[in-house]
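Here's a quick briefing to read alongside the model. Have the sequence and the 3D view open as you go.

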Amino acid sequence: HLTPPKRILVIRLDRIGDVVLSTPVLEVLRKTYPSAFIAMMVRPVCRELVEGNPHLNEVIVYDKDGRHRSVLASIRFAWALRRDQFDTALILHPTNRSHWIPWLAGIPVRIGYARKSGWLLTRRVSHRKQEGTRHEAEYTLDLVRVLGIDPPPPRPFVPIHPEAAARIDQLLQDEGLREADQLVAMHPSASDSSKRWPPERFAEVADRFIERQQAWIVLVAGSGDVQQAHAVEGAMHHRLVNVAGKLSVGVLAALLARCRVLISNDS
């Protein structure tokens, strides 16, 4: 049986949606080990999603596409982690880097999935996500079960920062919206073209929301997906608010908190 951890590192180096769906792990760890030091390692784009999370003591940023891209930079990063003296690492998404870094950092207990250099782990869980029988948030909680924890149903959480909320208030005000107006967010893009619904269909749905619900449509997208948003706007008969490519993920979270509905291709 594993001794209760005192310094825990949670690692998730993939996409925005997946990091959000991993936040229930942080809550479970904090409730089980109230006095433990808990840190989460994420990519720069995901930083705002976990910064300010009440269950975390620290956010560690690993830039796998930038300054930590080379093997040497990753080794240096791992050696620097040794100073933090983590005793337990939970690797929520299996990649070679995610497994090599805690091993190089000398973290004694390394819990993760049995694939992509899974032999570097001390405790392995079989990887069955591709079966799709449960939600991603529930699969992620399988790793805390290794610690003898029986987790409650997952509730993802993203902190809304006051300055981000203030920025959204100002932005909507500048567009002529009132506090009582109903907002519908629309994200017409996706990482893969096969997941994308045609822009003219999004436009049709947006026009119907405006006509039938008197709602305001707010178009959102990442900086690389602005084109899709413009295609939707171009196919519409009514005015909308297009903030595609203009918001960081933290400000986007504040916007979504104000919306009644989100229409999107993907999480």
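What follows covers the sheet and the salt bridges.

This is a predicted model, where local features need pLDDT of at least 70, side-chain atom pairs count only at pLDDT 80 or more, and totals for chains, interfaces and linings use all residues. Residues are numbered from 1 along each chain as its sequence is written, and side-chain values use heavy atoms, leaving out hydrogens and water.

**Sheet**
- Six strands make an open, parallel sheet, ordered β3-β2-β1-β4-β5-β6; strands are DSSP runs of E with at least two residues, helices runs of H or I with at least four, numbered from the N terminus, and two strands pair if DSSP finds at least two bridges between them.
- At the edges sit β3 (58–61) and β6 (123–125), each pairing on one side only.
- Strand β1 (residues 7–11) runs parallel to β4 (residues 88–91), and four bridges join them; Val 10 has Leu 90 as its bridge partner in β4.

**Salt bridges**
- There are 16 salt bridges in the structure, each a side-chain nitrogen of Lys or Arg within 4 Å of a carboxyl oxygen of Asp or Glu.
- Asp 18 pairs with Arg 12 in a salt bridge, with the closest N and O atoms 3.9 Å apart, and both residues are buried (under 20% relative accessible area; exposed is over 50%, partly exposed in between, with a 1.4 Å probe and protein chains only).
- In helix α6 (residues 136–145), Arg 145 and Asp 142 are three residues apart, about one turn; their salt bridge has its closest N and O atoms at 2.7 Å.
- Asp 142 counts as buried because its relative accessibility is 16%, while Arg 145, at 38%, counts as partly exposed.
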